[in-house]
Amino acid sequence: MADATDPVIRLVDVHKRFGDLVVLDGVSLDIPRGQTVAIIGPSGAGKSVLIKHIVGLLEPDSGEVWVDGIDMAHATERQKRGVRKRFGMLFQGGALFDSLTAGENVAFPLRYHTKLSESERRRVAEEKLAMVDLPGIYDRPTPQLSGGQRKRVGLARAIVLEPEVVVFDEPNSGLDPLTSDTIDDLIVRMKERLGITFVVITHDIVQAVRIADWIGMLWEGHLVEYAPRERFLHTRKQVVRAFMKRNVTLPQ
Amino acid sequence: MIASLGRFGLFVGTFARASLTHRPPVARTLEEAYRIGVRSLPILLVISAFVGTNLAFQGFYGFRSIGGQAFLGMFVALSGVREMVPIMVAAMVAAKAGTEMASQIAVMRSREQIEALEVMAVDPYWYLITPRFLGILLVLPPLTILSIATMLLAGWAVVVAQLHQNGQAFLGLAFGSLYTVDFLFATIKGACFAVIICLVSCFQGFTSERGPAGVGQATNKAVVYSAMVCAILNYFLSQALYG
């Protein structure tokens, strides 16, 4: 049984390539339970590939991906499904189903993984929509949602089964600065309220600093730095400092 | 080519396993059956009717030169019921329902909705393909029979109203040359074509490239490959059933 001090996710020397393109080149990483971890890096650094390994959508060419004591690289589909039920994920575009309403999207996992009646599912979904500051939009057709609303509905769906880990793929991409701030505030509030582990993939260092307890940086397939926030901000590694320089005032 | 066939084989295997290890999605199957059936029916009836009219014309003028107008009913019935209508229904359903399946699934692939299903621990093969598969399998055989009836009726109307031939003799010879198994074989062909159209179209959607170009390609390949495989299969089915 997993200990509360054990990392909830552990990557050990993960390698992944697509054809000749090396995307992950020996990435090792521990994600502590109940903390928010942000992985930053430029576009094409392999951030999305990294989280797809964590949720079992991709398998490493070599190395290990452990999630709560289960090696996702060698797990059966049944085991992976079991792990995924304890995961929520917010995709870049929300990945909402356009044929369903906003609320039906949120209630979707409840339909397949709980024995709740339709009215109970609706109640839970409305509760989660209220948590992301979207009360009363259960019946709104998904195509009528704005970009920010789609992200928040996606977040409500990600937390509807009360998962242990929620993974975010670029939660602020395509959003204006004000809406981005709203999403950041939501992530911080959710963490305080639900006490779950968040893994956030972002190219936005400002967001990482605002929300994360730990920050890592992926660069050309390597995790060049990974440390608690304050230590990360004081790093001496040139590549990390160069990446951060555009957006934050660095300590001397 | 061999790699594509291998990927298709894997796809079919994964779909079969997903369908057999989950409860059948009854409500969504009925929705799909209704959607495929209702949307395809008008176009099928129009085309079947005009297949019937043209078979009647061609049969009449072809047989008249050798004095064999009496065989008109047999010609329309055998060529229409055994060959023309089943393959024409398959081509139309591939163009209508098959392209819809491929494009919907390709758009879902582009928008990460298939990955979202996987992360939500909902098997995408079961959720997306099983209801479409059962739905099309449920409606294509009856659509084929309805189209056959329309084709015969339209052929009879042309024989009587335009060619001024004996309608009763036409129907007598038409039904006299057909056996009950002909209708059974037509539904068997319909079921086989349903399987091909669904699996080929869903495979194209599942394996599409992301973006609008990928959706377009998947839709195009779905109709081209489905129609081609159905035409080839039709030859072997006719050999097996009537040979």
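## A pair of helices in chain A

Is the crossing of α5(A) and α6(A) right-handed or left-handed? In this predicted model, the crossing of α5(A) and α6(A) is right-handed. Helix α5 covers residues 147-159 of chain A and helix α6 covers residues 177-194 of chain A, and their axes come within 10 Å and cross at roughly 15°. Angles under 35 degrees count as roughly parallel, and α5(A) and α6(A) are therefore roughly parallel to each other.

Sorted by class, the contact of α5(A) with α6(A) comprises six nonpolar, three polar and two charged residues. As helical background, an α-helix has 3.6 residues a turn, so residues three or four places apart point the same way.

## The open sheet of chain A

Now to the strands. Chain A has an open sheet of six strands, in the order β6-β7-β8-β3-β9-β10, with mixed pairing. At its edges stand β6 and β10 (222-228) of chain A; each has a single partner strand, so one side of each is left without a neighbour in the sheet. On average, neighbouring strands of this sheet are turned by 15° against each other, direction ignored.

## Strand β8 and its partners

Strand β7 (residues 165-169) of chain A runs parallel to strand β8 (residues 197-202) of chain A, and five bridges join them. Here A:V167 stands opposite A:V199 in β8(A), while A:F168 stands opposite A:V200 in β8(A). Strand β3 (residues 36-40) of chain A also pairs with β8(A) in the parallel sense, over five bridges. In that pairing, A:I39 has A:I201 of β8(A) as its bridge partner.

How many of the six residues of β8(A) are buried? Six of the six are, so β8(A) is largely enclosed by the rest of the structure. A:T197, A:V199 and A:I201 point one way from the strand, whereas A:F198, A:V200 and A:T202 point the other way. Both sets are buried, including A:V199, which faces A:V167, and A:I201, the partner of A:I39.

Which elements do the buried residues of α3(A) pack against? They pack against α4 (118-131) and α5 of chain A. The buried residues of α3(A) are A:A102, A:G103, A:E104, A:N105, A:V106, A:A107, A:F108, A:P109 and A:L110. Nine of the 12 residues of α3(A) are thus buried, so the helix is largely enclosed by the rest of the structure.

The contact between the chains takes 15 residues from chain A and 10 residues from chain B. On the side of chain A that touches chain B, two or more residues each come from α2 (77-84), β6 (87-90) and α3 (102-113) of chain A. Helix α3(A) gives the largest share of this side, four residues. By class, the residues on this side of chain A are 10 nonpolar, two polar and three charged.

The secondary structure of chain B comes to eight helices and zero strands. Its C-alpha atoms fill a box of roughly 70 × 35 × 30 Å, taken along the principal axes. Of the 243 residues of chain B, 46% count as buried. Among contacts in chain B between residues at least 6 apart in sequence, 86% join residues at least 24 apart.

How values were computed:
Residues numbered from 1 in each chain as written. Chains lettered and ligands numbered in written order. Predicted model: local features only at pLDDT ≥ 70, side-chain atom pairs only at ≥ 80, totals over all residues. Axes fitted to C-alpha atoms, helices over the stretch in contact; angles between N-to-C directions. Parallel < 35°, antiparallel > 145°, perpendicular 65-115°, else oblique. Left-handed = near helix turned anticlockwise from the far one by under 90°. Nonpolar A, V, L, I, M, F, W, Y, C, P; charged D, E, K, R; others polar. Contact = placed C-beta atoms within 7 Å. Buried ≥ 20, exposed ≤ 12 C-beta atoms within 10 Å, placed from the backbone. Pairing = 2+ DSSP bridges.
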